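Open the model in your viewer and keep the selection tool at hand. The stops below go from one residue or group to the next.

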Amino acid sequence: MIVVGGEALIDLVPLAQPPGALLPRPGGGPYNTALALGRLGAAVAFCSRVSADGFGETLLAGLRAAGVDLALVQRGPEPTTLAVPSLGPDGSAAYGFYVEGTADRLFALPPALPPGARALALGTCSLVLEPGASAYEALLRRESGRGLLTLLDPNIRPALIADPAGYRARFLARLPYVSVLKLSEEDADWLGGRVGDWLAAGPSAVVLTRGAAGLTVWTADGAEHSAAARPVTVADTIGAGDTVNAALLHRLAGAGDPGAADWPDVLAYAAHAAALTCTRAGCEPPYAAELGLSR
């Protein structure tokens, strides 16, 4: 089983018509990653705290439909976090957030993960918003110590980070507990680090997504591999990076050391899955059959 920890929220996606209209869609980087894993046919559990409001019920219904295990989901009476993406001409998204007093940031460390857990993925807002951020960090350290493959996607949202220098220091302190660091070019620019330094801190592999230029991985043994992006008509890029997370985890979770993985195959698979997500408004990850796979 792959466990995905982090926030579930509602994206208020702008519509072309009528002008100014917003369409509520399930979202959040970890939520999207869990949804994509379920659609790809992986055994996956979502580990989060979700509101008992109507939006929270909608979020959980989407995960259930994808076959995601919800036994690790905590519930609370607080409202659901809202995100408002603004779309650029190329379909890229920037985000504003409504996070004060919301349910997901009150996540508490669970006593144990299921015995069958083999991988843990964390990322996005859940790494920033306290007190949940400290609980997720404790989960990362604990499960890394137990030998789980761990994937970290910082998925930087500058609007949420009041202390950039403090966040960068905390990011570096997490790397000894990370097997695979996946980040975008924008994340890398904001963090201001270098791949070699990140690899030296602990990860077996660093995967960089480069939009239309594809994906590249560097491994701790000095290897470098790239895969081209698939040309598609882009509706928007919401959830594309989260779909990459899911594809990486789906390929790597049972493969042992990620540094020794068949990275050309892994990256090509991730590029295909992300391209299909980009053809759809909001985050609508592909199903296994759309990638020519059986569940």
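Start by selecting the sulfur of Cys 47. The closest cysteine sulfur belongs to Cys 125 and is 16 Å away, too far for a bond. A disulfide is counted here when two cysteine sulfur atoms lie within 2.5 Å, and a search of the whole structure finds zero disulfides. Cys 47 is buried, at 0% relative accessibility; Cys 278 is also buried, at 12%. Buried means under 20% relative accessible area, exposed over 50%, and partly exposed in between, with a 1.4 Å probe and protein chains only.

Some notes before moving on. This is a predicted model, in which local features need pLDDT of at least 70 and side-chain atom pairs count only at pLDDT 80 or more, while totals for chains, interfaces and linings use all residues. Residues are numbered from 1 along each chain as its sequence is written, and side-chain values use heavy atoms, with hydrogens and water left out.

Next, select Phe 46, Leu 63, Leu 248 and Trp 263. These have the most contacts inside the largest nonpolar core, which has 50 residues. A nonpolar core is a set of buried Ala, Val, Leu, Ile, Met, Phe, Trp, Tyr and Cys residues joined through side-chain atoms within 4.5 Å. Helix 8 (residues 263-278) gives this core its largest share, nine residues. Helices (H or I, at least four residues) and strands (E, at least two) are DSSP runs, numbered from the N terminus. A second, separate core has 43 residues, including Tyr 95, Leu 148, Leu 160 and Leu 191.

Stay on Trp 263 and show its surroundings. Beyond residues up to four places away in sequence, Trp 263 touches residues including Val 207, His 225, Leu 248 and Pro 258. Contact means heavy atoms within 4.5 Å.

Now look at the rings. The whole structure holds four aromatic pairs. One of them is Tyr 31 with Phe 46, edge-to-face, at 6.2 Å centre to centre and 90° between the planes. Rings of Phe, Tyr and Trp (its six-membered ring) pair if their centres lie within 6.5 Å; planes under 30 degrees apart count as stacked, over 60 as edge-to-face and the rest as tilted. Tyr 31 is in helix 1 and Phe 46 in strand 4 (residues 44-47), 15 residues apart. Tyr 31 is buried at 1% relative accessibility, and Phe 46 at 0%.

Select Tyr 167 and Trp 190 for another edge-to-face pair, with centres 5.8 Å apart and planes at 75°. Tyr 167 lies in helix 4 and Trp 190 in helix 5, so the pair ties together parts 23 residues apart in sequence.

Which residues of helix 4 (residues 164-174) are buried? They are Tyr 167, Phe 171 and Arg 174. They lie on the same side of helix 4, because they cover an arc of only 65° around the axis, taken from the directions from the helix axis to the C-beta atoms.

Zoom in on Arg 174, buried at a relative accessible area of 1%. Its side chain reaches the backbone oxygen of Leu 127 at 3.1 Å.

The last stop is Asn 32 in helix 1 (residues 29-40). Asn 32 is buried, at 2% relative accessible area. Its side chain makes a polar contact of 2.9 Å with the side chain of Asp 242. A polar contact is a pair of N or O atoms within 3.5 Å; within protein, one must be able to donate a hydrogen and the other to accept it, and residues adjacent in sequence count only if both atoms are side-chain atoms.
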